[in-house]
Amino acid sequence: MASVFGGVEGGGTHSKAVLVGADGKILAETEGPSTNHWLVGVDKCIETINDMVQRAKMEAGLDPNTPLYSLGMSLSGGEQKDAIDKLIAQMKDRFPSLSQHYFITTDAIGAMATASDRGGVVLISGTGSNCKLVNPDGSQIGCGGWGHMMGDEGSAFWIAHSGVKTVFDAKDNLVSPPHDVTHVRKAMEEYFQVSDLMGMLPHLYRNFQKSHFAGFCKKLAEGAEAGDALCQYVFTQAGRVLAQHVEAVLPVAQEALLGGTIGLPILCEGSVWKSWELLRPGFTQVLDKVASSDKFKGRFHGYSLLTLQQSSALGGASLGAQSIGSSITMDYTANANIFYQHTFNSSQ
């Protein structure tokens with residue numbers, strides 16, 4: 001099976017596997033549950049990966065007992081070297097017919113490899129948030145990705161928390177709200193099924209579930225779309241802080257990344273980007289200011305926001321192939337779509 005490469009997109013909730021030929025043709029795709037080893041443990045993680053890949057082999061009409069040439073995995077939680085080495089060692093030991101070679105990277109890097117081989121910025125805003133800049137030479141730098149206790153700015157959790165905290169602070173007369181809190185308070189009480197602020201305490205402590213708390217973001221988006229000023233304000237602030245992640249990594253961007261025909265490519269991953277029009281005022285304002293700064297004036301000409309049309313398992317497969325000196329033909333124009341472009345005025 002020397003000409004068949006495997007890829008895995010491993011998320012905190014759902015995962016995908018893909019088998020692809022050297023010509024880029026997708027032979028099979030399968031799905032499975034979480035493969036974040038920090039959440040489900042190493043054993044469950046590798047069992048799920050093996051199950052998805054073996055099912056994909058059978059779906060493609062291949063012998064499940066013949067190893068793939070390589071298996072490249074784009075996993076959430078796939079950054080720590082010791083943990084990665086442990087995962088690979090256990091896969092080789094427990095599932096010798098899975099693959100000849102292995103490669104593991106993060107979900108952000110796998111996403112970028114799906115969209116481009118020339119680098120760019122990956123800006124994730126789902127339940128949590130993260131940002132990575134990958135230069136054309138492969139060097140990279142990150143901002144965020146530390147979880148809700150230390151970061152996740154601009155994420156669904158952060159947006160939900162901002163809305164709820166504004167209600168609490170207004171009730172305590174600690175901070176004057178930027179806009180009336182009536183709609184957000186009512187939406188909060190309905191979503192969490194409480195009648196007062198004291199009723200929120202179990203959701204903040206004993207029964208806290210990050211994904212459920214983050215789900216309140218959707219209600220705030222609905223409020224913003226209906227015209228509530230506080231909901232709109234929270235999303236504008238989220239747009240600002242997401243753009244600040246880009247600003248944080250921009251100083252190490254190589255000129256080739258800034259001077260391309262579409263400007264700086266920013267790959268936007270996560271469900272919060274479905275509310276781009278709500279994020280847009282704050283996001284564009286920050287990057288306009290960056291472009292006019294002394295540091296970037298004349299260098300930062302514009303940017304494009306892209307969304308993936310293919311699973312980042314495809315990027316994982318490509319990186320896995322590259323790690324052993326092989327390659328997969330990638331149609332990057334089909335793998336990602338541009339949904340917003342901005343060019344700065346020459347006077348900036």
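Mentor: Start with the term. A salt bridge is a side-chain nitrogen of Lys or Arg within 4 Å of a carboxyl oxygen of Asp or Glu.

Trainee: How many salt bridges does a search of the whole structure find?

Mentor: Nine. Keep in mind that this is a predicted model: local features need pLDDT of at least 70, side-chain atom pairs count only at pLDDT 80 or more, and totals for chains, interfaces and linings use all residues. Residues are numbered from 1 along each chain as its sequence is written, and side-chain values use heavy atoms, with hydrogens and water left out.

Trainee: Which residue meets Asp169 in a salt bridge?

Mentor: Lys165, at 3.2 Å, N to O. Both lie in helix α5, four residues apart, about one turn of the helix. Helices here are DSSP runs (H or I, at least four residues), strands likewise (E, at least two), numbered from the N terminus.

Trainee: Is Asp169 buried or exposed?

Mentor: Buried, at 11% relative accessibility. Lys165 is partly exposed, at 39%. The cut-offs are under 20% relative accessible area for buried, over 50% for exposed, and partly exposed in between, with a 1.4 Å probe and protein chains only.

Trainee: What about Glu189 and Arg185?

Mentor: Their side chains form a salt bridge too, 3.1 Å from N to O. They are four residues apart in helix α6 (residues 182-192), so about one helical turn separates them. Arg185 is partly exposed, with 26% relative accessibility.

Trainee: Why does that spacing work?

Mentor: An α-helix has 3.6 residues a turn, so residues three or four places apart point the same way.

Trainee: And where do Arg299 and Glu255 lie?

Mentor: Their side chains meet in a salt bridge of 2.7 Å, N to O. Arg299 is in the loop between α12 (276-291) and β10 (302-308), and Glu255 is in helix α11, so the pair ties together parts that are 44 residues apart in sequence. Arg299 is partly exposed at 24% relative accessibility, and Glu255 is partly exposed at 46%. Elsewhere, salt bridges that share partners join Asp43, Glu47 and Arg94 into one network.

Trainee: Switching to empty space. How is that found?

Mentor: Rolling a probe the size of a water molecule over the atoms shows where empty space is left. On a 1 Å grid over the protein atoms alone, a cavity is a set of points where a 1.4 Å probe fits but cannot get out. A pocket is an open set with protein on both sides within 12 Å along at least five of seven lines, and lining residues have an atom within 4 Å of a point. Grid points are joined across faces, edges and corners, and a volume is the space filled by probe spheres set on the points.

Trainee: How much space lies in the second largest pocket?

Mentor: About 500 Å³. Its lining has 22 residues, with Ala115, Ser116, Arg118, Ile262 and Pro265 nearest the centre. The elements giving two or more residues to that lining are α4 (107-115), α11 (255-258), β9 (264-269), α14 (332-335) and β11 (336-343).

Trainee: What classes make up the lining of the second largest pocket?

Mentor: 13 nonpolar, seven polar and two charged residues. Ala, Val, Leu, Ile, Met, Phe, Trp, Tyr, Cys and Pro count as nonpolar, Asp, Glu, Lys and Arg as charged, and the others, Gly among them, as polar.

Trainee: Is α4 mostly covered or mostly open?

Mentor: Mostly covered, with eight of its nine residues buried. Among them are Ile109, Met112 and Ala115.

Trainee: How many cavities of 30 Å³ or more does the structure hold?

Mentor: One. The largest cavity has a volume of about 30 Å³. Val18, Ile26, Glu29, Gln310, Ser311 and Leu314 line the largest cavity.

Trainee: Last topic, backbone angles. What is phi at Asp152?

Mentor: Positive, about 65°, although Asp152 is not a glycine. Asp152 sits in the loop between β8 and α5, and is buried at 3% relative accessible area.

Trainee: And phi of Asn173?

Mentor: Near 60°, again a positive value in a residue other than glycine. Asn173 lies in the loop between α5 and α6. Asn173 counts as exposed, at 66% relative accessibility.
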